[in-house]
There are 2 protein chains.
Amino acid sequence: MNNWDFSVEFVQQLYAGLNKAGVDYMEIGYKNSPKLLKGAEGAGPWRFLNDDFLRKVIPQKGSTKLSALVDVGRVDEDDILPRSESLLDLIRVACYVKDVDKALDLIQKFHDLGYETTINIMALSGVMEKELVEAFDLIKESVVDVVYIVDSYGSLDHKDMLYLIEKFKAHLPNKRLGVHTHNNMQLAFSNTLIAVDNGVEFLDASVYGMGRAAGNCPTELLVTHLKNTQYQLRPVLEVLEKLLVPLREQEEWGYLLPYMITGTLNEHPRSAMAVRASENKDAVVEFYDKLTTPEVSFPKG
Amino acid sequence: MNNWDFSVEFVQQLYAGLNKAGVDYMEIGYKNSPKLLKGAEGAGPWRFLNDDFLRKVIPQKGSTKLSALVDVGRVDEDDILPRSESLLDLIRVACYVKDVDKALDLIQKFHDLGYETTINIMALSGVMEKELVEAFDLIKESVVDVVYIVDSYGSLDHKDMLYLIEKFKAHLPNKRLGVHTHNNMQLAFSNTLIAVDNGVEFLDASVYGMGRAAGNCPTELLVTHLKNTQYQLRPVLEVLEKLLVPLREQEEWGYLLPYMITGTLNEHPRSAMAVRASENKDAVVEFYDKLTTPEVSFPKG
C-alpha cells in the first residue's frame, strides 16, 4: 500500500531488527520482471528486486534468510541467478489454482537453481473442492518444499482453517505447510495460532500487520506469544517504534470497516480500498448496500 | 474511556440500532452508588444509572433487554427497585475471586427482586486453581443464572479459553456460561468464537470494540459471523457510521502497542493507559523495559 516505496535504511533496519528478534525469514520483495508487469512505473526497488542492488543493501547477511515472491506470468526465469550467486534463499510462487501447473514448472527451475521453494494458491476460499484436489495431485509429485494455505480475503475462521489444514495434510503428507492470513475479521493472528497448533510450520507475518487493506498477522504478536521458541519481542518493538508506527501515520492499513465488509462477504478488498481512497471513506452503509444488492441490468434496445 | 459521557441521543440511537440488529441485551451502564464510589465526579449519567432518568431515555422498550453492571462494595442495594418497576432485566455483578461470597449475597437479593443475574469474576488469569474451585463450590449452590469467563487483561489464547471453559463446565454443570474478552492481543473476537463453539451462550461485545484500553470483542464481527442466528449487520453498520466511527476520532481505544505489551505480560492495562495519556505515547521500548526489568530497591539508612 505504499507502492514498495521503502527507503534502503528502512529495509536495512528492519532486516537488522528481525535478525535480533530471531525471525527465520524476511521477504524482501518481489522478483517479478518489469518487462512482464505493466503499469508499475514509479514503484520502489522492492517491486523488482535486483541482485546487485540487494547486495548493496545487505552487505552482510545475518541468520535471517531472505525470500522473494514471484507471480506466475510476471517473472522472467532468466532473471533468477543460481542461489549460490544470490542473497535469496527462498522463492515463493503465488498463483491461482488454474495455474498450479505453470507454478510447478517455475518451481522446478528454481529448485534446480538451489532455492527453497513454496507454492501459494491464492483465493482458496473461492476454489471448488474438485479443482483443489486436482492441484494437490500435481503438487504432491513436485519438488516444492512448502505448500501455503492462503486466506486471501481474510474471510476464514478457525473452523475453516482447521478444515483446510486437515485437507492439505491428507492430500500432501510429504509436504511442509505454511499459512498466510489477512486481518479483515481480526482473525489473522488467531488463525495463525490455530495453524501452529496443527502442525503448520511456515507462518507469514508482517511487523504491525502492515499490508494491503486490513493487513496481515502482526509479527510482534507471534514473536511474543509462540511457546518454546527463541524469538525476542524487544527488537521487534524497536523496529515498531522507529519504523512502523511512524509509517502507519502516513499510510493506512488494518481493521477498517470496508475491509471487514469485504472479509465477511468473502470478496477481494479492491472495492473497499477504492472507498477508503475516496471522499466517502466512512460511508459504510452505502458501501455495504452496494455489495449486497443484486445489480439490476436493463437489456438495451 | 470517555468517563461515561455519552449523550442521551447517542444512547437512544444505539439502543434503536441494537434492537434492529436483533442483539439480545444492551448494557446501558453501571448501577453503582455515587455515595460508595469516590472520585467519580464529572462522570456521565451512565455511571450511576437512575431508574427515572432511564425511563425518559427509553420511553418504549424494544426486544433488546437492558442490563446494568454493579461492583461488589460499590452498589447500594437499596438503590435497586423490583424488576417490575425498573427497565432493567439483568444485573451483572463483577468481583474479584476473594469477594465471590459477597457477590452471591447481592445476587440473591437481585434474584429475589426478579432480575436475571450474572457473576463476573475478574482477573481470572491470575487466580489460583484452588481459589477458583472454592469459588465454584459457592456459585454452584447459588441462584445466579450465568457465570462469566472474563479475560480482564486480554492475555488468553484459544487454548487458555478452552481450558477455562472445560473447567467451568465441569464444576458448574447447572449454570449457563458467558464470556467477556479484551482485545490486547487481537484475540477478543476469536476467543469469543471459541467460546460459542463450546457451548458458551452469553457473549459480551461492544460496537467497534469500544472499551477501555484495547477494547473488547466488536459487536459487528459477532453479528455478521455467527451462523444460525437472526442477527443483522446493517443496523450495526448504521450505528458505526453515525456514532462509533466519529467517536473513535475523539477517543482512543483498540490495538495499540502498550496494550499489547500489558496483554502479553498478563498485567492490568493501567500502566499502558498512562503511557498513552503521556507525551511519550509511542515510546514502547522504554515502556517494555520498565515492565520487564526487576526493580532494584535500595534499603534506606
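Axes here are lines fitted to C-alpha atoms, for helices over the stretch in contact, and angles run from 0 to 180 degrees between N-to-C directions. Helices (H or I, at least four residues) and strands (E, at least two) are DSSP runs, numbered from the N terminus. The crossing of helix 5 of chain A and helix 6 of chain A is right-handed; a crossing is right-handed if the near helix is turned clockwise from the far one by less than a right angle, and left-handed if anticlockwise. Helix 5 of chain A contributes His158(A), Met161(A), Leu162(A) and Ile165(A) to the contact, and helix 6 of chain A contributes Asn191(A), Ile194(A) and Ala195(A), contact meaning heavy atoms within 4.5 Å. By class, the residues of this contact are five nonpolar, two polar and no charged. Ala, Val, Leu, Ile, Met, Phe, Trp, Tyr, Cys and Pro count as nonpolar, Asp, Glu, Lys and Arg as charged, and the others, Gly among them, as polar.

Residues are numbered from 1 along each chain as its sequence is written, and chains are lettered from A and ligands numbered from 1 in the order in which they are written. For this predicted model, local features need pLDDT of at least 70, side-chain atom pairs count only at pLDDT 80 or more, and totals for chains, interfaces and linings use all residues, while side-chain values use heavy atoms, with hydrogens and water left out.

The crossing of helix 1 of chain A with helix 8 of chain A is left-handed. Among the residues in contact are Phe10(A), Leu14(A) and Lys20(A) of helix 1 of chain A, together with Val239(A), Leu243(A) and Leu247(A) of helix 8 of chain A. This contact of helix 1 of chain A with helix 8 of chain A comprises nine nonpolar, two polar and three charged residues.

The sheet of chain A is open, with seven strands in the order 1-2-3-4-5-6-7 and parallel pairing; two strands pair if DSSP finds at least two bridges between them. Strand 1 (25-30) and strand 7 (202-203) of chain A are at the edges with a single partner strand each, so one side of each has no neighbour in the sheet. Strand 5 (residues 146-150) and strand 6 (residues 176-180) of chain A run parallel and are joined by five bridges. Within this pair, Tyr148(A) has Gly178(A) in strand 6 of chain A as its bridge partner. Helix 5 (residues 158-171) of chain A packs on the sheet, where it touches strand 5 and strand 6 of chain A, and its direction makes about 155° with that of strand 5 of chain A. Helix 3 (residues 100-112) of chain A lies across strand 2 (65-71), strand 3 (90-95) and strand 4 (116-121) of chain A, and runs at about 170° to strand 4 of chain A.

In chain B, the axes of helix 3 (residues 100-112) and helix 4 (residues 129-140) come within 10 Å and cross at roughly 15°. Helix 3 of chain B and helix 4 of chain B are therefore roughly parallel to each other, and their crossing is right-handed. Val100(B), Asp101(B) and Leu104(B) of helix 3 of chain B meet Ala135(B), Leu138(B) and Ile139(B) of helix 4 of chain B.

Key: Parallel < 35°, antiparallel > 145°, perpendicular 65-115°, else oblique.
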